[in-house]
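Here's a friendly walk through one protein model. Have a look at the sequence and the 3D view, then read on.

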Amino acid sequence: MKRLLLLTVLLIFVAALFNVTNIYAATEYSQTTDNNLNTSLIQENTTNNASDNGTIQNTTGSVNKTAPVNNTTVKTQNLLKKTSNSNNSRIKTNNSNITNFQNSTDAAGAESYKNVRGIWLKAEDVNKLNISEITKAGITDIFIKSNILSTPSYKSVLKALLKKLKGTNFRVHAWITCFKDANGNWIDPQGKYNYTVKVPDKKIKYKVWYKSWYKYNGKWKYTWKYYYAYKYTYKTQTKYGYNTSKVSSLISSISDIVRNYNIDGINLDYIRYPGNAYKSLGSTSAVTSFVQKVYNAVKSIKPKVAVSADLMPEGKMNSYYYGQNYTQLAKCLDFMVPMLYKGNYGYNSSTGMGSNGKSGTGWIGSTVKYIVSQVNGTPVIAGLQTYRSDSNVTVIPASELKGDIKAAGDNGASGYALFRYGLIDSKIYTSQNSTSTQIKFTMDQIKSAALSIKSFIETNHRLPNYVTIAKQQVTMPDMLRLMTTGILQLNSGVKTPVALKNVDSPQSSTGDVINGTIKKSEYLTIAKKIKAYVDANGIAPNYATSSLGKIQYESAIYMYSKLCSFYSKNKRLPNYVTIDPWAVNSLPSEMQKYLQPTKNCQSDNLQIKSLASSLTKGINSTYDKGVKIFNWVRDNLKYSFYYNSRYGAIGTLNAKTGNCVDTSHLMIALARSAGIPARYVHGYCKFSSGTIYGHVWAQLYINGRWYDADGISMRNSLGDINNWDKNKSTIEGTYSEWLF
């Protein structure tokens, strides 16, 4: 009895531990709210003016990190439904009752990958691609084989395809083989390679005979003698080395594709081990690290280019065999494509049973469901084989393929991609019934959507991918037209609904605006110009010209979302609106302090702002802006030796001289005025003279890293210090404000 009681207690204890483990696993990747974010709230200044001037100001409020979604009950998307080829082709229908705003985990400003219908296209099939039939099938995305190590090269293939698709709305992704060379040999993700050498095996002792001469009775004679020598037999031995040049070259080629071709995405294939990842220590980290490097490289060039990857579908064992961890990879991908090739796993038809007792569609559904549960909201696009298997290229009937598509959608897939074009049942291209009825939104709907966009930007410091209005997902380019049209109508007292039109994303949004205010007459004029440009070209502008400089596309969306929100609250338009460089609005809250003016860093001073504007005008790269500011300060100030601050930023600008502290004040003030976060660094530095001094210099935050900016010596450049030895110096701290 005592043994039975003891066994029961042990079972209960084990069960409790199991539950605790599950709770920890579930919360390990959960998001936490940040109650200290900066947000722009609309306030009204009360004056004696009869017009009651309104202004949009910045204040600090407490907001949740994730915008609320009201009464959300998401139902399965109809992944087979065709997108209309009318002016509404950019609208994605989502059969859910999301009533207001759809939060997104995609990269800032990226396309929405929520209802993808894609095809993989081999390089040699570009000329065979039938635009009419894929349009009828509602295809949205084309993954084109872009060879880096073999022919035809990506240069000729991408050029030919992009030319062929000119004037269409298909998204083009460069489909790239990563860890296989031109001969089909695997490349180790860690750069590991093997080679053979001959090494000593056995030591053999042997006699070496020689003649030993001597003189006897006046004559030379010899006798044979010997000594012992040794020789070795050799054997072949395999050794290993590491060379990451192939991986680096691959990332360089990917960067070239993003930089020089107007593509929408990079699709990574063969980012894995061939099935033996468990034999290599750090295999999963190596694969994830490579994808993260590609993601960083792509986003640093064109943030809106999506990064996706084709993954093996083997669930919990994926990491063990292939080095692919769904959860980790999801953090550095805009969407992922598990290759659900059922025939390769023994499922020969939708009704045939596999070895594990599941049907082909059942296996697809359960696999998608598992992967979706692991990726924390990153869209999962089901990669579906359109023929029986790699050993049997019989085309799968359209009816069966549609069943596979439905199984994926029913279990959370955000779309599908078919492998591959040229082996697809032609019946899949049959046009679905669709409506071309023009969709219109009321002014109240537009204002409500604008308020959601404003809240999202202020909470997440980036644009959402889309906003849902009356169950329709509307992209940000579409919303820019709706909001500018709405502002013009509100100003004229017109309240008729506004028609939704197809608007493409800008090709390369840029801007050089300095923070300031734009009066009502000007923001109305800008709205007219944006609307006219969009209606004439079907694409959102990269920027809008203003008295403050070029207003970047993202800043324009934020500005008009604030204006619509102000009208919604106050029933009128404000007399002016404040605007900042988009870099300011897109920064996380903890970085905002490095953009604020201080007592000695007067970045809001008109003289400082004017100089910053003139130095950076026409420059789109943040790094190039930083270089321009650094070079001006270094080249135009004389160094004066004294302790602490004497002039501050404005005084230093006027005096054209200063010590390290005042030089840093001016450097940081100009950077902050141009929308570049900047901070002070204090340390004890060993200068070229051999003397150690207390020293202050600036750092500028550009493209995710801090660059040293010590402007007291002509030997220095942005990010490079040569007048003192960093290795023999001590850094005491970094500061957003320097008080003395």
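Let's start inside. The largest nonpolar core has 76 residues, and those with the most contacts inside it are Ile266, Leu268 and Phe290. Here, a nonpolar core is a set of buried Ala, Val, Leu, Ile, Met, Phe, Trp, Tyr and Cys residues joined through side-chain atoms within 4.5 Å. Buried means under 20% relative accessible area, exposed means over 50%, and partly exposed is in between (1.4 Å probe, protein chains only). Helix H5 gives this core its largest share, 8 residues. (Helices are DSSP runs of H or I with at least four residues, strands are runs of E with at least two, and both are numbered from the N terminus.)

What does Ile266 touch, leaving aside its neighbours within four places in sequence? Its partners are His173, Ala174, Ile176, Ile254, Ile257, Val258, Val298, Val305, Ala306, Val307 and Ser308, where contact means heavy atoms within 4.5 Å. There's also a second, separate core of 45 residues, with Ile446, Met483, Ile551 and Leu573 among its members.

## A word on the model

This is a predicted model, so local features need pLDDT of at least 70 and side-chain atom pairs count only at pLDDT 80 or more, while totals for chains, interfaces and linings use all residues. Residues are numbered from 1 along each chain as its sequence is written, and side-chain values use heavy atoms, with hydrogens and water left out.

## H11 and its two partners

Now for some helix packing. The axes of H11 (residues 476-492) and H13 (residues 553-570) come within 9 Å and cross at roughly 45°. Axes are lines fitted to C-alpha atoms, for helices over the stretch in contact, and angles run from 0 to 180 degrees between N-to-C directions. That makes H11 and H13 oblique to each other; angles under 35 degrees count as roughly parallel, over 145 as roughly antiparallel, 65 to 115 as roughly perpendicular and the rest as oblique. On the H11 side, Met476, Pro477, Leu480, Met483, Thr484, Ile487 and Leu490 meet a set of H13 residues including Tyr553, Ala556 and Tyr567. The residues of this contact split into 13 nonpolar, 2 polar and no charged. (Ala, Val, Leu, Ile, Met, Phe, Trp, Tyr, Cys and Pro count as nonpolar, Asp, Glu, Lys and Arg as charged, and the others, Gly among them, as polar.)

H11 also meets H12 (residues 520-537): their axes come within 9 Å and cross at roughly 130°. H11 and H12 are oblique to each other too. Among the residues making the contact are Leu480, Arg481 and Asn491 of H11, along with Lys520, Tyr523 and Asp535 of H12. This contact between H11 and H12 has 8 nonpolar, 3 polar and 5 charged residues.

Most residues other than glycine have a negative phi, and most peptide bonds are trans. Which residues are joined by a cis peptide bond with omega of about -5°? They are Thr151 and Pro152, and Pro152 lies in the loop between strand S7 (141-145) and helix H3 (154-164). Another cis bond joins Phe419 and Arg420, with omega of about 5°. You'll find Arg420 in the loop between strand S17 (415-419) and strand S18 (440-441).

Tyr270 isn't a glycine, yet its phi is positive, near 55°. It sits in the loop between strand S11 (265-269) and helix H5 (283-301), and counts as partly exposed because its relative accessibility is 26%. Asn376 has a positive phi of about 50°. This residue is in the loop between helix H8 (360-374) and strand S14 (382-385), and Asn376 is partly exposed at 44%.
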